[in-house]
Structures are given as structure tokens and as C-alpha cells.
Amino acid sequence: MPELPDVEGFRQVLLTCRGRRSVTDVDVRDAGVLRGVSEERLRKELEGRRLGKAWRHGKWLFVPTGDGPTLVFHFGMTGSLRCCDQEEPIEAHDRIVLTLGGERLLCYRDQRKLQGVRLADSADVDRILEGLGPDALAVDRDEFLELLSGRRGAVKSALMDQSVVAGLGNLLCDEILWRARVAPRTSTRSLSEKTLRRIHAAMGRVLATSVRDGCVPPRRSWLTGRRDDSEPVCPRCGTSMRSTRIAGRRTVWCPHCQN
DNA sequence: CACACTACCTGGGGGC
DNA sequence: TGCCCCCAGGTAGTGT
């Protein structure tokens, strides 16, 4: 599920989970989501510390803990973060549950465990950021053109590459290219500057709406709202949409609008 | 270096 | 009903 807009929503969950209460309990219900940190160390480092102001880069979420290490979340394809009262039931996929201020629960839920939770010192944080391009929400037009220049492969592959631009995932890329009327397999190198600008503009609009909604909205007027139909048609022109695999991911596009 | 492909996990759905 | 295979909004590792 989580692409930039979803993770931005999880950041809001942290910011609004009743201020910055200190961690009073750390319940690791499935150590399979811990990356490079033991259950014992996670508990030791977090208990008694206050969660600072969360920040996000691409699909990564960073939570400083006062003078301690930074708590780092990545949500893979199925992760989420929620804040609830202690009375609410813990579900099977709630892998880590933090108690804040003795009363609120912060639950890291993730079915597939493709990614996970880690503790990072500042060097670790730098290492993560080094592998990422600029955040998709912060890339201006000129920088976008620069980032995509010299790329040979499919434009969708370039947009999906987190080291180029951070935050775009499979749904966002299809949505952006559909809105910009560019076929996903088009070689990046063959795109005119004008077309690249159109993609950048589409990225901005798609992200703005998606961040507001906390996800890429499955509206019927969007490609995302059609892609799971048994026989999807383009919301713009009614043409049957095509489906293929690019960069290992299912890719849906309109052969009429996007070419 | 740029790119493509697979493995890593779990669970839901379709076909037989 | 059970089993098997495929698929799913991500990334790291490996090979070309």
C-alpha cells in the first residue's frame, strides 16, 4: 500500500498521537520486522524516551527520540501506523506496539514483513538518505529534468527508482504517466523537454491530491480507480486499457491517450 | 553505470 | 473442501 502519500499520512498519525509523550512500553509481537536491532535493544533504547517530531523522506519515516537514536519505519507493501486507545483490540498483524504516556498505543502493522523497523544513529540515517533521490514533493521542474537526463530505459522504471526521485510507487507512476499522456515504456531519453515538464506537472497534481487523501485515491475518474476492474477502460476516452509488466510491476495504461 | 530480474514474506482469490 | 498457482501500492541483491 504505502507510497509517499500514505507515509505522509502515517507521519500525521505520529504528530497527532497526543503530543510527544514518552514511551512507557515496547511490545515486540513479531521480531520478524526488526531490522538490525534486537528486541532487547529496541526496548532499552525507547523506553523512557520521548518521541520527537517525525519527518519523512520518500517512503521512509524517521522519528527522533530525544538524545537517543532515531526510530525508522518503512512500510513495504502492506505496512501502516495507527494510534489508538488501549482498549482497542490488537490485531494479528500489529507487529510492534508502543505505549505512549501509559495510555495511547502506537501500532506498526504489517502483514507481509517485506520491510520493517530499525534504530538509526545519525550515520545510519545519512546512509539511508544517500541512497535516495530528492523527495518527490520537493523536486522543482529544473531538478526533475536534470534527474531524468541520461536515462535509457522505460520512463516508468526511472520514476520508480527511489535513487532518482524518492516516494513514487507503482500506483503513483501509472497515475502520473496517464495524466501526462505518456506511455510507461517510452524510453526516458526520447522524451522532449516539453513532455518531461508535463510529467513533472502531473506528478505535482497527483501528489497534491493524494497527500490530501492519504493515498492515491481510487476515484473512478482516475486510472487508479479503474485498474482493478476486470476489463478496465480509460476514464478519459473509454478505450480498453492495456496491462503489462514493467520493472517487475503490473503496469496499466491507455493505448489511445498515452503514446 | 543503468537496467532487469529474483528473493524476501503473507494471504486472498481463482481454477481444478 | 483442498491444493496449487498467481497476484499484491516495495526493496536489496545479483547478473547482464
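F75 is buried, with a relative accessibility of 1%. That value falls under the 20% cut-off, so F75 belongs to the buried class. The model is predicted.

**Aromatic cluster around F75**

- F10, F73, F75 and Y108 make up one aromatic cluster.
- The count of aromatic pairs comes to five.
- One of them is F73 with F75, a stacked pair with 6.0 Å centre to centre and 15° between the planes.
- Both F73 and F75 are buried.
- F75 also pairs with Y108: the ring centres are 5.7 Å apart and the planes are at 40°, so this pair is tilted.
- The F75 and Y108 pair links distant parts of the chain, 33 residues apart.
- F75 sits in the loop between β4 (70-74) and β5 (79-85), while Y108 sits in strand β7 (residues 104-110).
- Y108 has a relative accessible area of 1%, so Y108 is buried.

**DNA strand B**

- The residues surrounding DNA strand B are H93, Q111, R112, K113, L114, R151, R152, G153 and S157.
- Of the atoms of DNA strand B that come within 4 Å of the protein, 73% belong to sugar and phosphate.
- By class, the surface near DNA strand B has one nonpolar, four polar and four charged residues.
- The side chain of H93 places an N or O atom 3.5 Å from a phosphate oxygen of DNA strand B.
- The side chain of S157 has an N or O atom 3.3 Å from a phosphate oxygen of DNA strand B.
- R152 uses its backbone: a polar backbone atom of R152 is 2.4 Å from a phosphate oxygen of DNA strand B.

**K113, beside DNA strand B**

- K113 is one of the residues that surround DNA strand B.
- K113 lies in the loop between β7 and β8 (117-120).
- Phi of K113 is positive, near 60°, in a residue other than glycine.
- K113 has 30% relative accessibility, so K113 counts as partly exposed.

**DNA strand C**

- DNA strand C is surrounded by 19 residues, and the closest are M1, D6, K59, R249 and R250.
- Sugar or phosphate makes up 54% of the atoms of DNA strand C within 4 Å of the protein, and bases make up the rest.
- The surface near DNA strand C divides into six nonpolar, six polar and seven charged residues.
- An N or O atom in the side chain of Q115 is 3.3 Å from a sugar or linking oxygen of DNA strand C.
- N170 contributes a backbone N or O atom, 3.5 Å from a phosphate oxygen of DNA strand C.
- R250 contributes a side-chain N or O atom, 2.7 Å from a phosphate oxygen of DNA strand C.
- Two elements give two or more residues to the surface near DNA strand C: α6 (170-180) and β10 (249-253).

- R227 is in the loop between α7 and β9 (242-246).
- R227 has a relative accessible area of 5%, so R227 is buried.
- A polar atom of the R227 side chain lies 3.3 Å from the backbone oxygen of R250.
- R250 therefore has two partners here: its backbone oxygen faces the R227 side chain at 3.3 Å, and its own side chain lies 2.7 Å from a phosphate oxygen of DNA strand C.

**Arginines over tryptophan rings**

- R179 lies over the face of W222, 5.2 Å from the ring centre.
- R236 places its charged end over the ring of W178, 4.1 Å from the centre of that ring.

**R181**

- R181 is in the loop between α6 and α7 (193-213).
- Phi of R181 is near 60°, which is a positive value in a residue other than glycine.
- R181 has 41% relative accessibility, so R181 counts as partly exposed.

**Annotated domain**

- An unreviewed UniProt entry places the feature "domain: FPG-type" at residues 222-259.
- Residues 222-259 are 0% helix and 26% strand.
- The end C-alpha atoms of residues 222-259 are 18 Å apart.

How values were computed
Residues are numbered from 1 along each chain as its sequence is written. Chains are lettered from A and ligands numbered from 1 in the order in which they are written. This is a predicted model: local features need pLDDT of at least 70, side-chain atom pairs count only at pLDDT 80 or more; totals for chains, interfaces and linings use all residues. Side-chain values use heavy atoms; hydrogens and water are left out. A residue is near a molecule or strand if one of its heavy atoms lies within 4 Å of it. A polar contact is a pair of N or O atoms within 3.5 Å; within protein, one must be able to donate a hydrogen and the other to accept it, and residues adjacent in sequence count only if both atoms are side-chain atoms. Ala, Val, Leu, Ile, Met, Phe, Trp, Tyr, Cys and Pro count as nonpolar, Asp, Glu, Lys and Arg as charged, and the others, Gly among them, as polar. Rings of Phe, Tyr and Trp (its six-membered ring) pair if their centres lie within 6.5 Å; planes under 30 degrees apart count as stacked, over 60 as edge-to-face and the rest as tilted. Buried means under 20% relative accessible area, exposed over 50%, partly exposed in between (1.4 Å probe, protein chains only). Helices (H or I, at least four residues) and strands (E, at least two) are DSSP runs, numbered from the N terminus. A charge sits over a ring if NZ of Lys or CZ of Arg is within 6 Å of the ring centre and within 35 degrees of the ring normal. UniProt positions are given in the numbering used here, feature names are shortened, and annotations may be inferred rather than shown by experiment.
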